[in-house]
Amino acid sequence: MPQITAELVEQHNLPPEEYRRILEIMGREPTITELGIFSVMWSEHCSYKSSRVHLKRLPTRGKAVLQGPGENAGVVDIGGGRCCVFKIESHNHPSFVEPFQGAATGVGGILRDIFTMGARPVAVMDSLRFGPVMPGAHGSPHVERNRRIVRGVVSGIAYYGNCFGVPTIGGEVVFERCYDNNPLVNVFALGLAQRDQIFLGRAGGPGNPVIYVGAKTGKDGIHGASLLASAEFSGADGQQKRPNVQVGDPFLEKLLLEACLEVMQTGAVVGIQDMGAAGLTCSTCEMGGRAGTGIEIELDRVPQRESGMTPYEIMLSESQERMLLVAQRGREQEVLAVFRKWGLDAVEIGTVIEKPLLRVKQYGETVAEIPNQALTDEAPVYERPIAAPPRTVPMEPPPEVEGVLRSRGREQLTDDLKKLLADPTIASKRWITEQYDTMVRTNTVIGPGGDAALLRIKETAQGLAMSVDGNGRYCFLDPRRGARLAVAESARNVSVTGAEPLAATNCLNFGNPEKSAIMWQFREVVEGMAEACEALSTPITGGNVSFYNETEGQPIYPTPVVGVVGLLPDVKRHTTLAFKAEGRTLLLLGGTTAPADEAKVTFGSSQYAHTLLGALWGLPPDVDLDYERNVQACCRELIAKGLVESAHDISDGGLAVCLAESCFPNGVGASVDLLSEAAAGLSPVYSLFAEDPSRIILSVARNSVAEAIRIAGQYKVRAVEIGITGGSDLKISQKEQGVLDAPVLELRALFDHALANAIEGEASGLPVEN
Amino acid sequence: MKFGVVVFPGSNCDHDAFYAVQSVLGQEAAFLWHDSTDLAGSDVIILPGGFAYGDYLRTGAIARFSPIMRAIADFAARGGFVMGICNGFQVLLEAGLLPGAMLRNRALRFICRPVYLRVENAHTAFSNACRPGQVLEVPIAHGEGNYFADADTLEEIESAGQVVFRYCCPDGEITNDANPNGSVHNIAGIMNREGNVLGMMPHPERACDPLLGSTDGRFILQSVLNAALDRVSTTAWAVANVNRS
């Protein structure tokens, strides 16, 4: 038995004061196994020790919420005795260290969270952020490596999701310098279940058997949660930490899914939880903790991939595709028979006990015994120091930039739009999404490329819309405003399909919480998110916090990602972003023209400033949440009344990009005049490319325009005619002076091929010769 | 008519095929477990898409040894209609029920998107509801759909009218650009010489509902139903094919 030295404690990422608490709780020196257990359960990733005090601020209740945070995933009622189960989780560091397996196991982990609850996963979306993949003036020295990471992450997601049989139906992909050394891979999954058949991770009924199911335990992923997910990276880590990344087997996961859903039908299952971060350790102490019971396990019985594994290794392994379940005593055989049918290892490894503790034995000897509470509710909680960092970017545009903005003419503005459409962050993500099976289960009504994805529910003809959204640049400039915008946009994305947002999940990606500036960002983001979730009635039902997204002291932008799920009573009554026909009136719903001085400040947060000017200044726009709520409600009513043929919200790249994207699917052009959008004294650059929120472009048949405007009036929402669809060009004028003019097909070609070209080189768009 | 949908442990389009049979064709559907040899009195067998046993070795390589495949080989030998979609096509190739083999897509990536298919032979059990030369929009979703056969085999299946569907442009032209995966002769679907076993990479069951896009997959499913209803002798199909070519 190794001596517990100060070095060993430090290697376990446990500060001296936390180790002192362990000594107090245990009343003795811990065994090495116990030390390992404490270190993973008290890691930032598992304990939320830095975030917990702030997360309490988030609204978690709502009329549709059946299960909020604290279980494997949130559960929301969708009527008719059904519910949907969803969550988003990060797998950032593993995906940097080993992109393919890191991303693949990210998908695997979140899928298990969903079917653990008794729900069949029906959708996955990914929110991905990478360093730049295009060389250029504002480029990155790591373009080649970034491309490799993109290829690895995308193929890992495809590998896992496609084989498992869940459609990957949307998400977002952003390229920005701050993710050069710390890409973000956030995976959202959603499943459907019967309301009365939700399963929880509770080890009820002392005496009941504890059954281990699935893959054998190996030495992979040991300390994934504590060393990979809860620590900063330094130079050589990328390679050194590869053994900490797990390896995924989607086929085994598929077997687990089918077997678990089948075994739940027997009625013999008391509780069930997947073994994700911190593996056997986390599932045993959490299941006991939630039920007020304990679990005793015998490690000799745990299926193992190799002989001679130590208790430490078995308890800390993060081998994938494993579940722990508690069955009713006397009905074990029913449970085991189902797993046998699916060819899975299923072994009784222990029992539920009265005492609320985790007891681990090997060869009859106790190797660890820790009170559950010490590992879960009583894990350390920190009120980390908070201090706003000094601003490092100016509030006003740099003088040279202001000159450029004032002098843009029609040709330059047209050229600017082309450059924006060809920026990988704006461009079509088809090169990525075509690698995903987007249609399996035959429910995908709107797949990748829409504002939100939309699924039909076959049994009820309802629609479920979902969106994930975030903007790190906004949050860097003002975390509170940025978080409010993320919630608003994600909800707006859902609303433009016609669906009413029901609830949300969040993935909060930040730097090192031990730095006061990072904690300030975190608190501001949580506050902003809470304000927006309250205003838009989208309670947070669960999610994930990912700290330590720093490499060599360089943090990422604070990047909260918000997933919003909404319901459409009749899926046939949905709309998409595509212009359907010529001669339709274009209405700009919502929004107001910002005064010139404010517009100048907020323009520094735009994609235009980033892509065209390589500059960053000012603040993101400030969203008026009450107005936002009305705009969305109005949009939904217009869609429900059948008055709208297309709806697309204005976001990255502003009005010009929004219009272009609506032109593309059917090759329908548009002519627009921005009389009302032109702020006094400002160049058309602003009206074309500013990203002010609460704005949606609708196409409406001429005989519906008056009615649509009347309804908007009832919501006290602005609705202005700005143009008409038709022709083969996108033409925009301001006060009857042309400011932008280009053939739709030419714009579309740029939009379609930019990402493939950026990742694979210019020749990639062409098929290989036979 | 009763359609049996085979369930390998890694099948993931089994529910989709089942749903299409029930809701689109209005016919009876039954799941057939891979470990059984009981075809439950099915008139048509569908081998659905997915990853039969994980396909870590080679798609369909292990599935051919499953008990259900022995029963299906017998069923096919007696003239029963068998339709392999995507992974089902791969399994039929490995099982020797269809000629040729699958390679990885030429871009070495999984591809999921709608493609266009030209009906090359409309006088088959799987295309009789189509017009000759009709262009169908049906999605693909696979990583190994690059059909290959040696020159002699190709010559044989081409001349016998066994090529049922070919990847084409929206206007029906057969071009290299329209070929999503590198298949020889743009082949998307073939049948056996007897005309009762079809394999195709595209997913007709995904193209059955206007809400999801194309409904062209119905032509293919309806064709099988017509054939099963007619029970026109399998030799007649084969003769018709040979005569046409």
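Two strands are said to pair if DSSP finds at least two bridges between them. Helices (H or I, at least four residues) and strands (E, at least two) are themselves DSSP runs, numbered from the N terminus. β17(A) pairs with strand β21 (residues 559-568) of chain A in the antiparallel sense, over 9 bridges, and N506(A) stands opposite V562(A) in β21(A). β17(A) also pairs with strand β18 (residues 540-546) of chain A, here in the parallel sense and over 5 bridges; in this pairing, L508(A) stands opposite V545(A) of β18(A). A residue is called buried if 20 or more other C-beta atoms, placed from the backbone, lie within 10 Å of its own, exposed if 12 or fewer do, and partly exposed in between.

The structure is a predicted model, in which local features need pLDDT of at least 70 and side-chain atom pairs count only at pLDDT 80 or more, while totals for chains, interfaces and linings use all residues. Residues are numbered from 1 along each chain as its sequence is written, and chains are lettered from A and ligands numbered from 1 in the order in which they are written. The predictor's confidence in each residue is the pLDDT, on a scale from 0 to 100. Chain A averages a pLDDT of 93, with 95% of the residues scoring at least 70; chain B averages 94, with 94% of the residues at 70 or above. For the complex, the predictor gives an ipTM of 0.94 and a pTM of 0.95. One stretch of chain A calls for care: over residues 763-770, pLDDT stays under 50. For this stretch the model has 11 contacts beyond four places in sequence, a contact being two residues whose C-beta atoms, placed from the backbone, lie within 7 Å. Where pLDDT is low, the predicted coordinates should not be read in detail.

The expected span of a helix is 1.5 Å times one less than its number of residues. The 22 residues of α8(A) should therefore span 32 Å, and the end C-alpha atoms are 32 Å apart, in agreement. Since 16 of these 22 residues are buried, α8(A) is largely enclosed by the rest of the structure. G165(A) follows the helix and has a positive phi, near 95 degrees.

Positive phi values also turn up in chain A at residues that are not glycine. Y48(A) has a phi near 55 degrees and is found in the loop between α4 (44-47) and α5 (52-55) of chain A. Y48(A) counts as partly exposed because it has 18 C-beta neighbours inside 10 Å. R441(A), with a phi of about 85 degrees, lies in the loop between α18 (430-433) and β14 of chain A. R441(A) is buried, with 22 other C-beta atoms within 10 Å.

Attention now turns to chain B. An open sheet of 9 strands in this chain has the order β2-β1-β3-β4-β11-β10-β9-β6-β7, with mixed pairing. β2 (28-33) and β7 (135-142) of chain B stand at the edges with a single partner strand each, so one side of each is left without a neighbour in the sheet. From one strand to the next, the twist averages 25 degrees; axes are lines fitted to C-alpha atoms, for helices over the stretch in contact, and angles run from 0 to 180 degrees between N-to-C directions.

Within this chain, strand β6 (residues 111-119) is mostly covered, as 7 of its 9 residues are buried. β6(B) pairs with β7(B) in the antiparallel sense over 8 bridges, and the bridge partner of R118(B) in β7(B) is V135(B). β6(B) also pairs with strand β9 (residues 163-168) of chain B, in the antiparallel sense over 4 bridges, where Y116(B) stands opposite C168(B) of β9(B). Elsewhere in chain B, strands β3 (residues 44-47) and β4 (residues 81-85) pair in the parallel sense over 4 bridges, and I45(B) has V82(B) in β4(B) as its bridge partner. Helix α5 (residues 217-230) of chain B lies across β3, β4 and β7 of chain B and runs at about 160 degrees to β4(B).
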